[in-house]
Amino acid sequence: MGQVDGEYLAKMENVLSVYNQQPIVGRGRICFDERPCQLLDDVIAALPTKPGKPAKEDNEYVRKGMCAVLLAYDLDTGQRFTQVREQRTKADYAEFMYEVISTHYADIERIDLIQDNLNTHKYGSFYEHLPISQARLLSRKLAFHFTPKHGSWLNMAEIEFSALARQSLNRRIGSLNELARQVELWTINRNEQAVRVHWSFTVARAETKLKRWYEQVNPDNKLNPCKN
């Protein structure tokens, strides 16, 4: 946890208010995040698995480079969209966003997008790396909501990444293609099961649970009970 200040509380409450909204026709809510991934290959092939026993891996491995997994989670439909890329640059961010939005949200007028405040997560990334018509579409359709610094726990996409790591990436994967295949299989399976993130933390609960944070930021401020 980083320093808690007024900016931290403001961004936290902004994200929580988006989560607390009721679904609105013509408006969507998406959480986005991206994670670096280390590709590792075995020096000696793992022994075949036996019923009820995990595969046995040799201690030696070869680093095969880095890549990135990009993930967007829809709060209202419970669907997630993923992609594996060699890097996580402004271009990767812009291209991923356009593909997701143009394919799955063509009929949605406005989308609240929750994400962390990386230098790639800017409207400018769209204009720098996409045709102007595509950049305008995204900049006019997406309303950015940033989690506070060191506040990734507020992003539902973090929960999805945790599930992905436990359920699919808890072994050595030595190639970009194999990683992409595993991530796609996980995504399809989780979407078919309609797994939803059930979020119960609200601004009202934050006032109670994190009272010392509010008092730390402004000791003279008397909190009024919040109904949200």
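At the start of α1, the backbone nitrogen of E7 has a side-chain oxygen of D5 within 3.2 Å. The model is predicted, so local features need pLDDT of at least 70 and side-chain atom pairs count only at pLDDT 80 or more, while totals for chains, interfaces and linings use all residues. Residues are numbered from 1 along each chain as its sequence is written, and side-chain values use heavy atoms, with hydrogens and water left out.

Helix α1 covers residues 6-20; a helix here is a DSSP run of H or I with at least four residues, numbered from the N terminus. The buried residues of α1 are Y8, L9, K11, M12, V15, L16, V18 and Y19, where buried means under 20% relative accessible area with a 1.4 Å probe and protein chains only.

The whole structure holds zero disulfides, a disulfide being a pair of cysteine sulfur atoms within 2.5 Å. For C37, the nearest cysteine sulfur is that of C67, 4.7 Å away.

The largest pocket has a volume of about 280 Å³. Its lining has 18 residues, and Y19, R29, M156, V197 and W199 are the closest to its centre. With three residues, α1 gives the most to this lining.

Note on methods: Helices (H or I, at least four residues) and strands (E, at least two) are DSSP runs, numbered from the N terminus. The expected span of a helix is 1.5 Å times one less than its number of residues. Buried means under 20% relative accessible area, exposed over 50%, partly exposed in between (1.4 Å probe, protein chains only). A polar contact is a pair of N or O atoms within 3.5 Å; within protein, one must be able to donate a hydrogen and the other to accept it, and residues adjacent in sequence count only if both atoms are side-chain atoms. On a 1 Å grid over the protein atoms alone, a cavity is a set of points where a 1.4 Å probe fits but cannot get out, and a pocket is an open set with protein on both sides within 12 Å along at least five of seven lines; lining residues have an atom within 4 Å of a point. Grid points are joined across faces, edges and corners, and a volume is the space filled by probe spheres set on the points.
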